[in-house]
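My points follow the structure.

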Amino acid sequence: MAGPGKEHLYKVLVIGDLGVGKTSIIRRYVHHTFSHNYRATIGVDFALKVLRWEADETVRLQLWDIAGQERFGNMTRVYYREATGAMIVCDVTRPSTFEAVLRWKEDLDSKLTSGDGRGVATVLLVNKCEQGRKLANGGLKIEQFCREHGFAGIFETSAKDNVNIDEAANFLVKQIMAREHTFQRRIAASDSITAQLDPKRHQPNGCGCLK
């Protein structure tokens with residue numbers, strides 16, 4: 001009989017200024033619903049999304065919906081702990097929320113790093129694209145902005161019209177997995193080098209000699 005398959009559990013932060021649509025994005029992604037009447041998140045809220053990634057591979061995403069005002073408090077360090085990825089959200093109709101993106105990214109990077117010492121995989125979501133607005137910087141400059149500031153990618157999203165929500169999440173999962181595999185390979189390579197330099201460390205109890 002085949003085994004139960006491989007499971008991954010990833011904690012993903014959804015952060016950004018108040019009112020950019022973080023809760024709406026999560027509700028659309030997890031529950032396939034949209035409402036204009038969400039109340040502002042207080043503190044942090046949670047949701048779980050289960051993805052059948054491959055035939056024998058399952059991904060469980062813990063989505064942490066962190067209130068927009070939390071960047072000004074000390075609790076983000078607790079909320080960020082052990083996260084493997086993040087979505088930073090801004091509202092295309094409110095330029096000030098895009099200006100705040102870097103402050104969120106800096107806060108994230110200052111409090112959370114991955115196993116290899118880098119910031120965790122992060123995507124930028126420019127939400128409410130159904131409004132027909134574009135960021136004034138233009139596409140090329142926005143892509144350059146993402147590269148310079150360590151974003152893995154950028155997506156124009158609409159929680160209302162369900163635009164690019166699944167695509168952004170799947171892209172982020174792929175980025176998290178790629179970093180995880182790279183880190184595991186480095187650990188394996190490090191263990192191999194250590195074994196060559198110090199063979200006794202990997203010998204069984206006793207002399208480890210053949211007679």
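1. The charged end of Lys11 sits over the ring of Trp64, at 3.6 Å from the ring centre, where sitting over a ring requires NZ of Lys or CZ of Arg within 6 Å of the ring centre and within 35 degrees of the ring normal. Lys49 likewise has its charged end over the ring of Tyr29, 4.7 Å from the centre.

2. This is a predicted model, in which local features need pLDDT of at least 70 and side-chain atom pairs count only at pLDDT 80 or more, while totals for chains, interfaces and linings use all residues. Residues are numbered from 1 along each chain as its sequence is written, and side-chain values use heavy atoms, with hydrogens and water left out.

3. Four aromatic pairs are found in a search of the whole structure; rings of Phe, Tyr and Trp (its six-membered ring) pair if their centres lie within 6.5 Å, and planes under 30 degrees apart count as stacked, over 60 as edge-to-face and the rest as tilted. The pair of Phe145 and Phe151 is stacked, because the ring centres are 6.0 Å apart and the planes lie at 20°. Both Phe145 and Phe151 are buried (under 20% relative accessible area; exposed is over 50%, partly exposed in between, with a 1.4 Å probe and protein chains only). Ring pairs also link Phe98, Phe145 and Phe151 into a cluster.

4. Phe155 and Phe171 form an edge-to-face pair, 5.4 Å centre to centre with 65° between the planes. Phe155 is buried, at a relative accessible area of 15%, whereas Phe171 is partly exposed, at 25%.
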